[in-house]
Amino acid sequence: MLSLHHYLILSGILFSIGALGVLIRRNAIVIFMCVELMLNAVNLTFIAFSRYLGNIDGQIFVFFVMTVAAAEAAVGLALMIAFYKNRESIDVEDINLMKL
Amino acid sequence: MFDNVWLIPLFPLIGFLINGLLGKKIKNEAVIGGIGTLAIFGSFLVSCGILLEMISRAPENRVFEKVVFTWIHSGNFKADMAFLLDPLSCIMIMVVTGVGSLIHLYSIGYMHGEEGFYRFFAYLNLFCMSMLLLVLGSNMLVMFIGWEGVGLCSYLLIGYYFHKKSAGDAAKKAFVMNRVGDFGFLVGLFTLYWWLGENANVWTINFMEIKKASHFLPYGGVVTVATLCFFVGATGKSAQIPLFTWLPDAMEGPTPVSALIHAATMVTAGVYMIGRMSFVFIKSPDTMMVIAVVGAATAIFAATIGTAQNDIKRVLAYSTVSQLGFMFLAMGTGAFAAGIFHLMTHAFFKACLFLGSGSVIHAMHYALHHAHSHDDAQDMRNMGGLRKSMPITFITFLVSTIAIAGIPGFSGFFSKDEILWQAFSNPYHGGLNIILWGIGAIAACFTAFYMFRLVFMTFYGDCRISAKAKGHLHESPLVITIPLMVLGFLAAVGGYIGLPKLIGELFGGIPNYFELWLEPVFEMAQEYGHQYAQSGGHHNPALEWGLMGGSVLIALVGISIAFTMYVKNTDLPGKFTSTFPALHRAVYNKWYIDELYDFLFVNPCKALGNFLWKGFDVLIVDGMVNGVAAVVKGWSSAFRYSETGYVHNYAFVMAAGTVTILGYYIFR
Amino acid sequence: MDYILSLITFIPLAGVLLLLVMPRNNAMLRGVALGTSLVTFIASISLICEFKTIADYQFVENIPWIQAGSFQMNYHVGIDGISLWLVILTTFIMPIAILSTWTAVEEKVKEYMICLLLLQVGMLGAFISLDLFLFYIFWELMLIPMYFIIGIWGGKNRVYAAVKFFIYTMVGSLLMLIAIMYVYFKAGAGDFDITRFYSVGLDPATQTWLFLAFALAFAIKVPMFPLHTWLPDAHTEAPTAGSVILAAVLLKMGTYGFIRFAMPLFPDATARFTPLIATLAVIGIVYASLVAMMQEDVKKLVAYSSVAHLGFVVIGLFALNQQGIAGGMLQMINHGVSTGALFLIVGFIYERRHTRLISDFGGLSKQMPIFATIFMIVTFSSIGLPGTNGFVGEFLVLLGGFESTLRPWTIIASSGVILSAVYMLWMFQRVMFGELSNPKNQVLKDLNAREIVIMAPLVVMIFVMGIYPTPFIDKMNPSIDKLIAQTKRNQVAPVAAPAGGSAVPVAPAMPSPPLGGHAATGGDASHSDMPAGHPALPPGHPAGEAK
Amino acid sequence: MPEILFFSLVAGVAIISSILVVAMRNPINCALSLIMTFFCMATLYVMLDAPFMAATQVIVYAGAIMVLIVFVIMLLNMRTETSKNYVHGVLVSCIVAVLTLFVISGFLAKSPLTGATGNMTPELITKVGHTELIGQAMFTKFLLPFEVTSILLLVAIVGSVILAKRKL
């Protein structure tokens with residue numbers, strides 16, 4: 001029987017992969033996509049719990065997460081474009097104003 | 001009249017303020033000089049009034065104290081701005097204002113056309129005010145204002161030609177050496193104040209109150225310490241060994257300054273101070289001996305240097321140091337009245353000598369200037385034969401020289417002879433007396449020698465400047481010669497108010513008026529002195545006559561040597577020099593005392609200062625401070641590597657941290 | 001007139017607010033700042049007029065401020081004879097300081113003036129605080145504007161100097177904060193009123209540590225050898241106004257702290273450390289004089305002379321008798337006037353020549369006669385010539401020292417009068433005398449009207465205080481007596497009280513407290529005759545409160 | 001059983017495609033893999049009786065956001081990175097990722113996995129309809145957050161316009 005655990009483990013795997021991507025990639029857009037991946041993993045958890053606990057609140061949260069993700073996409077991509085205009089690159093290693 | 005004593009220092013102060021603040025705008029030399037001279041002359045008139053009133057009073061009513069206002073009052077310490085009139089200060093104000101007035105008058109002529117004419121008169125007035133405060137002060141602190149004030153004026157006036165480096169150096173040297181003395185004065189003051197307060201509960205610095213409480217003071221002990229400190233102050237101010245080297249250098253100042261400050265008044269402040277506190281000094285036999293020995297040593301030491309100098313003013317300067325030595329010798333042998341007497345006569349003849357030399361320099365300068373010659377106007381080797389062109393200067397100069405040499409009939413004879421006699425016969429120093437007398441006599445011989453050497457080199461022989469310049473030589477104007485004549489007259493007759501008893505008896509018992517006058521001042525000191533005096537002096541008239549004759553003989557010997565060497569046989573000095581080159585060099589270079597002081601004090605101080613600054617301050621203290629900073633910086637720069645500035649490093653650390661923390665909570 | 005002290009303290013703050021909203025018109029900004037400081041000065045004159053010559057604190061304001069549980073901080077201000085003159089000195093120096101950099105500071109004038117006025121608030125506040133907590137706040141408040149003044153408007157090496165100044169002072173004040181807290185807990189719950197702390201009898205061991213903490217903070221500020229190295233740097237780099245204020249007022253914070261806090265609060269420790277502190281002060285005098293002698297930079301020379309002068313002040317204070325403390329207090333004011341004037345003078349020539357090296361000058365007397373006269377007066381005041389202010393203070397300090405147990409130290413310190421003459425006159429000679437050889441110096445202009453206006457009040461003060469110092473001394477005398485009584489009595493109390501306590505008038509028959517355990521009660525014996533006995537505290541509050 | 005099979009299939013595809021997202025060099029490929037993952041997610045949502053969420057997932061994520069990303073990638077004309085694809089700490093990062101997974105598993109193993117239960121049963125969903133259930137909750141209980149969301153979006157719009165327009 002398909003249980004909550006299945007979903008949660010899948011979600012954990014996806015989350016870990018997303019996190020790995022965030023940590024190892026240099027391309028800002030790819031990192032951004034990995035963040036989206038992590039968000040999705042969380043969404044999956046929300047919905048799974050919502051289903052198994054019979055509580056709709058989780059799904060509403062997913063809704064909000066999506067909104068945030070959309071807003072994030074808009075602003076984040078705008079930032080990247082702005083940065084690219086400036087530096088001709090969106091390599092995160094070039095975002096190093098704080099470096100000594 | 002006594003109540004108006006505050007006017008005496010006030011007049012010069014007003015003169016100083018007017019000339020100092022407005023002098024630049026006035027511009028008119030006659031007005032500036034007039035204000036300056038009138039100011040001090042006003043003080044002179046007041047002083048005369050005070051003198052007359054004092055004479056009219058009975059001897060026991062001659063002490064008067066005038067409090068103007070309370071200056072400092074803190075706890076049990078109180079210092080009033082107050083003036084003390086007694087026979088001693090009366091003599092001093094007469095000398096200061098009298099000689100001061102004449103020198104002011106003289107300066108109008110001498111300083112004519114100098115840049116900063118007003119400045120000169122302002123300083124001169126300020127000096128007179130300080131000097132008057134010094135002699136009139138009724139407590140040690142008011143005296144100290146004057147004490148430092150005259151030092152300041154001396155500094156200002158020596159540095160009058162401030163664009164000359166030598167003048168600046170000399171001024172600084174004078175002030176600093178005076179400061180060393182002041183240090184002694186202060187410590188002495190503290191010691192006396194503290195000891196009297198602590199042990200006798202007399203918290204005072206007032207002379208009269210100290211005098212009243214002086215019976216509390218022990219013989220020797222703390223008094224020796226205090227008086228020695230005071231004596232250090234006196235050596236600084238009065239140019240005694242070891243602090244005498246500033247006085248010859250002080251001749252960088254204009255000549256009237258040398259006459260007023262460095263001959264007649266300021267340098268005698270130390271003598272005056274000892275006289276003022278005679279009742280304290282006498283209580284320490286050791287100090288008295290130190291004073292006598294230092295005085296005698298200075299007298300002979302400076303006299304030897306005086307024999308080899310060529311600068312006319314420097315000879316006079318060393319002569320001053322030497323004569324001051326005589327005064328201290330008198331003070332140290334308990335002959336306070338004789339010391340003060342010599343102070344007074346010395347003020348007359350030395351002021352006259354300096355002013356005379358000024359007159360000579362003035363003339364020489366004028367002549368050389370007009371002949372476009374760059375020869376030194378003060379070098380006696382350039383002079384000679386001036387007696388023809390400058391008769392008044394010559395006569396007054398000669399009179400004063402005779403006076404200083406100690407020829408009977410002139411003022412210097414009476415005072416110097418008195419000192420020598422007292423040195424020989426005083427009851428305090430036992431076997432040392434004869435040595436003191438001997439040194440004094442030899443110094444007197446030297447004095448006669450170098451003074452007449454000066455006269456012969458300057459006024460006799462042939463003129464050694466170019467013929468062109470010779471034509472320009474002429475007698476100085478009246479404004480210069482009048483003070484010379486007055487001072488010359490005083491130098492001749494000033495001694496008769498203090499006729500030695502021996503001579504007085506010859507003329508029907510004329511008393512020694514001077515000693516009589518000062519008797520109430522030094523009475524107490526004599527009383528204390530008798531406590532430990534040894535079996536009285538040898539009051540043997542025959543011996544006194546003999547010594548008197550001896551000292552005259554000594555003076556004549558000095559004069560005749562000078563006559564032989566500088567008039568009759570002018571090759572002799574050169575031969576002498578070539579026979580004893582080392583001796584001559586040493587004497588000519590003032591026994592290398594300046595170099596010795598440089599080596600002993602100045603250079604080590606500089607080196608120490610430099611070491612402390614660069615070695616200690618910068619290297620050690622700052623090094624430690626900066627070292628701490630460097631250590632912190634080193635650590636932080638090591639830690640800095642954890643902050644790479646790359647976003648993913650922060651992300652990584654954040655993730656790892658989160659995982660660690662969560663892991664801890666989940667698996668604990 | 002009840003709020004006159006607050007008024008004086010916060011007028012500059014009002015000036016700051018006004019400056020904040022003003023447009024960036026430099027002339028107007030300077031005018032407002034100057035006006036503010038002048039108004040403050042005029043207001044402070046009323047303090048002198050209204051001041052009664054008694055020992056108590058006057059113009060007292062005591063308003064509850066922060067109440068956090070048992071902690072209570074009050075806005076408690078007031079002055080006595082000791083702080084009166086320092087307040088006046090501060091308000092007197094401020095307009096002069098503002099005028100001094102009228103033209104020298106052209107950048108960020110608004111911020112500069114704000115910093116200066118804020119600094120004034122801090123200084124005045126520190127002098128009038130009677131609440132330790134309030135004092136600490138003002139003490140720290142001073143630090144920040146000064147840091148900016150040095151760090152922004154300073155010379156070449158300004159950042160180094162500013163940071164050094166900041167860190168040095170901060171280290172000290174942190175320790176002081178800890179000590180304040182400790183004293184507070186020892187005293188038991190209540191407010192931070194210093195009069196309350198005066199009566200807390202601490203045991204000698206505790207006093208030692210607390211005294212050291214306070215003394216370190218104050219010694220750094222004074223500054224005493226060997227904690228002085230921030231001073232030459234800070235002075236050299238600071239703009240003229242900064243140097244003037246630093247010398248004239250900020251350094252006094254240290255000595256004021258000693259006399260107001262460290263000595264009466266920890267009398268035993270004071271007695272114990274007097275030889276040490278006197279030694280440091282004497283070393284400071286001789287050492288700084290020797291170092292000053294060799295300086296090549298005029299400003300550094302003056303800075304080192306400050307160290308020497310403050311050494312005299314410290315000797316005077318620790319002589320702990322009427323003359324010594326009065327002399328020390330006078331010397332503080334004198335030093336403010338004379339050294340302030342010296343820094344102004346250095347500022348004048350620096351503005352003209354942009355160098356401070358002694359070797360670059362020489363013969364200026366010829367070109368600048370007015371300047372030469374003023375410079376000479378100030379120099380002699382700094383040397384301590386009788387008739388100028390420097391003498392009275394120095395003399396009283398030495399006299400006081402000589403009367404006290406510090407006699408040997410005083411004799412060595414007296415040699416400072418020689419050394420000060422050496423270094424000051426040598427500097428004066430090299431700068432003002434000699435040939436006017438440098439062509440750049442031949443075109444120097446004499447002082448202009450503004451500069452004369454700046455110097456005139458200082459020169460007047462130099463003579464007034466030198467010739468008639470009586471009003472200054474008279475006004476402080478009762479407070480000094482009280483201070484001495486406090487310090488001396490407390491010195492006896494913990495030791496002599498068990499033996500019978502006859503040394504002090506003990507009103508209630510209190511059992512003598514055991515030493516060590518609850519030292520907080522040690523002050524009971526002396527509590528009853530405290531003039532400002534705290535009503536909130538019953539005499540002899542239980543020792544348990546101290547926990 | 002078929003449920004589990006199907007789940008495994010979908011989950012496998014999701015994992016593989018998400019790994020591809022991390023591993024692919026070309027951003028476009030990454031984006032396409034991500035879209036694949038999103039579709040898998042939508043499928044899973046359907047399996048969890050949340051069809052409305054599945055639809056939203058497809059529309060918002062796969063539709064809007066991914067289009068935006070692809071657009072940007074193309075706009076910036078990004079090519080396959082030749083060398084410096086990854087940062088240095090790949091291995092360490094992998095360890096952290098594995099640890100993350102480990103921690104999550106640990107949490108799952110230890111936690112009772114309970115929470116506030118509700119009355120939403122598959123029967124109710126089929127009866128009332130998922131969309132309506134969501135709508136009811138959204139416009140009653142979560143009305144205020146919902147409205148606030150609009151402000152968030154507004155801010156995002158303004159922000160992105162400014163960022164993209166202004167010459168930085």
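This is a predicted model: local features need pLDDT of at least 70, side-chain atom pairs count only at pLDDT 80 or more; totals for chains, interfaces and linings use all residues.
**Figure 1. Chain A and its helices.** Chain A contains three helices and zero strands. Along the sequence, the pattern of chain A reads α-α-α. Its C-alpha atoms fill a box of roughly 50 × 25 × 20 Å along the principal axes. The radius of gyration of chain A is 17 Å, whereas a compact globule of 100 residues would have one near 13 Å. Of the 100 residues in chain A, 59% are buried. When contacts in chain A between residues at least 6 apart in sequence are considered, 45% of them join residues at least 24 apart.

**Figure 2. Contact between chain C and chain B.** Here 40 residues of chain C meet 38 residues of chain B. Several helices of chain C each supply at least two residues of the side that touches chain B, among them helix H11 (267–293), helix H13 (322–353) and helix H14 (364–367). Further along chain C, helix H16 (389–403), helix H17 (407–414), helix H18 (416–432) and helix H20 (470–496) also each supply at least two residues of that side. H18(C) gives the most to the side of chain C that touches chain B, with seven residues. By class, this side of chain C has 25 nonpolar, 12 polar and three charged residues.

**Figure 3. Domain 1 and domain 2 of chain D.** The domain assignment of chain D places domain 1 at residues 1–80 and domain 2 at residues 121–168. Taken over C-alpha atoms, the centres of domain 1 and domain 2 of chain D are separated by 21 Å. In the contact between these domains, domain 1 of chain D takes part with four residues and domain 2 of chain D with five residues. The side of domain 1 of chain D that touches domain 2 of chain D consists of three nonpolar residues, no polar residues and one charged residue.

How values were computed:
Residues are numbered from 1 along each chain as its sequence is written. Chains are lettered from A and ligands numbered from 1 in the order in which they are written. Two residues are in contact if their C-beta atoms, placed from the backbone, lie within 7 Å. Helices (H or I, at least four residues) and strands (E, at least two) are DSSP runs, numbered from the N terminus. Ala, Val, Leu, Ile, Met, Phe, Trp, Tyr, Cys and Pro count as nonpolar, Asp, Glu, Lys and Arg as charged, and the others, Gly among them, as polar. Domain bounds come from an automatic or database domain assignment. The radius of gyration is taken over C-alpha atoms; the globule rule is 2.2 Å times the number of residues to the power 0.38. A residue is buried if 20 or more other C-beta atoms lie within 10 Å of its own, exposed if 12 or fewer, and partly exposed in between; C-beta atoms are placed from the backbone.
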